[in-house]
Amino acid sequence: MADKRKPRGPYYGAVLLGGDAPGGRIGAGRLSAQVAAADRADCRWEAHSPPLPEGSGCSFQFPEVVPLNIGGAHFTTRLSTLRRYEDTMLAAMFSGRHYIPTDAEGRYFIDRDGTHFGDVLNFLRSGDLPPRERVRAVHKEAQYYAIGPLLEQLENVQPLKGEKVRQAFLGLMPYYKDHLERIVEIARLRAVQRKARFAKLKVCVFKEEMPITPYECPLLNSLRFERSESDGQLFEHHCEVDVSFGPWEAVADVYDLLHCLVTDLAAQGLTVDHQCIGVCDKHLVNHYYCKRPIYEFKITWW
Ligand SMILES: [Zn+2]
């Protein structure tokens with residue numbers, strides 16, 4: 001027997017199989033794990049293509065050598081290559097449980113840009129990884145086709161490995177993405193309102209929650225480490241800026257965060273200049289002044 005799930009009903013182009021199908025010669029324990037994995041992959045694929053109607057012992061049969069048309073790009077591969085890893089969308093698509101449309105030449109058609117599908121196939125064929133400049137693009141394809149082993153290996157080479165290290169730092173600031181979006185939105189509104197080519201924003205980036213002024217007031221310095229909640233309120237303060245980042249506890253400093261901001265804005269195609277324009281001079285309590293550094297970001301739109 002092949003598949004413990006209910007047989008699916010007749011469908012256009014379906015080929016009747018006599019109760020046996022590829023992958024059928026396996027033990028019962030592995031079968032249930034395999035069915036669960038296939039179900040997960042099915043769920044992903046079902047967003048694109050409905051499964052065969054239930055009720056009869058019908059399934060699609062694919063040729064041993066499969067001609068493919070991925071958004072107009074032609075590929076040819078073995079069926080076993082497409083089914084290399086069971087818990088993937090490709091394996092689900094070519095499991096026989098789904099109808100895959102064909103083009104005029106009989107190639108199985110997937111309506112997706114096929115630019116990097118060759119790299120995906122090469123991984124399934126031989127485990128080869130793409131050259132560094134294509135790693136990000138192929139990672140996106142691996143996500144679409146839900147190919148876990150490829151995702152895992154790509155995330156272990158540059159530039160994605162470094163990106164994981166960077167994200168470990170940015171993970172300290174759960175608001176990072178929202179604030180980044182705010183920078184872009186404020187810069188857009190400001191430029192549109194003023195009919196300007198660029199917009200300027202004030203961004204506060206501070207690593208420490210409050211400045212230390214031991215020379216001026218050593219006693220207050222100790223508050224920083226053993227302060228009660230009411231002490232904390234004395235220091236509660238929002239600088240008069242558009243967006244604030246901080247505080248965080250890490251080796252990475254203000255310049256590292258600025259690097260992240262500029263990199264991520266540049267990745268959105270924005271031209272960004274920034275410079276420190278001073279510190280917040282708001283008086284907090286006793287000898288304490290805010291002193292958080294304020295940067296002016298200039299975002300040029302065109
Ligand atoms: Zn301030």
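Let's start at helix H5, residues 135–144, whose buried residues are Val-135, Val-138, His-139, Glu-141 and Ala-142. These residues cover an arc of only 160° around the axis, which puts them on the same side of H5. Some terms first: buried means under 20% relative accessible area, exposed over 50%, and partly exposed in between, with a 1.4 Å probe and protein chains only. Helices (H or I, at least four residues) and strands (E, at least two) are DSSP runs, numbered from the N terminus. The arc is that of the directions from the helix axis to the C-beta atoms.

This is a predicted model, so local features need pLDDT of at least 70 and side-chain atom pairs count only at pLDDT 80 or more, while totals for chains, interfaces and linings use all residues. Residues are numbered from 1 along each chain as its sequence is written, and side-chain values use heavy atoms, with hydrogens and water left out.

What do the buried residues of H5 pack against? Their partners are helix H4 (117–126), helix H6 (148–154) and helix H7 (160–170), where contact means heavy atoms within 4.5 Å. After H5 comes Ala-146, with a positive phi near 55°.

Now move over to H7. Its buried residues are Leu-160, Arg-166, Phe-169 and Leu-170. Seen down the axis of H7, they fall within an arc of 155°, so they line one face of the helix. Lys-164, Val-165 and Ala-168 are exposed on the face of H7 turned away from that buried side. The buried residues of H7 pack against H5, H6, helix H8 (176–194) and H11.

A salt bridge here is a side-chain nitrogen of Lys or Arg within 4 Å of a carboxyl oxygen of Asp or Glu. Between Asp-264 and Arg-166 the N to O distance is 2.7 Å. Asp-264 lies in helix H11 (residues 254–267) and Arg-166 in helix H7, so the pair ties together parts that are 98 residues apart in sequence. Both of these residues, Asp-264 and Arg-166, are buried. For Glu-163 and Arg-166, the closest N and O atoms are 3.1 Å apart; these two are three residues apart in helix H7, separated by about one helical turn.

The structure holds nine salt bridges. Another one of them joins Arg-107 to Glu-105, with the closest N and O atoms 3.8 Å apart. Arg-107 is buried at 18% relative accessible area, whereas Glu-105 is exposed at 62%.

On to the sheet: three strands form an open sheet in the order S4-S3-S5, with mixed pairing. Its edge strands, S4 (73–78) and S5 (108–110), each pair on one side only, and the twist averages 30° from one strand to the next. Strands count as paired if DSSP finds at least two bridges between them. Strand S3 (residues 65–70) and S5 run parallel, joined by three bridges, and Ile-70 has Ile-110 as its bridge partner in S5. H4 packs on the sheet, touching S3 and S4, and its direction makes about 10° with that of S4; axes are lines fitted to C-alpha atoms, for helices over the stretch in contact, and angles run from 0 to 180 degrees between N-to-C directions.

Zooming out, the protein chain has eleven helices and eleven strands, and 42% of its 302 residues count as buried.
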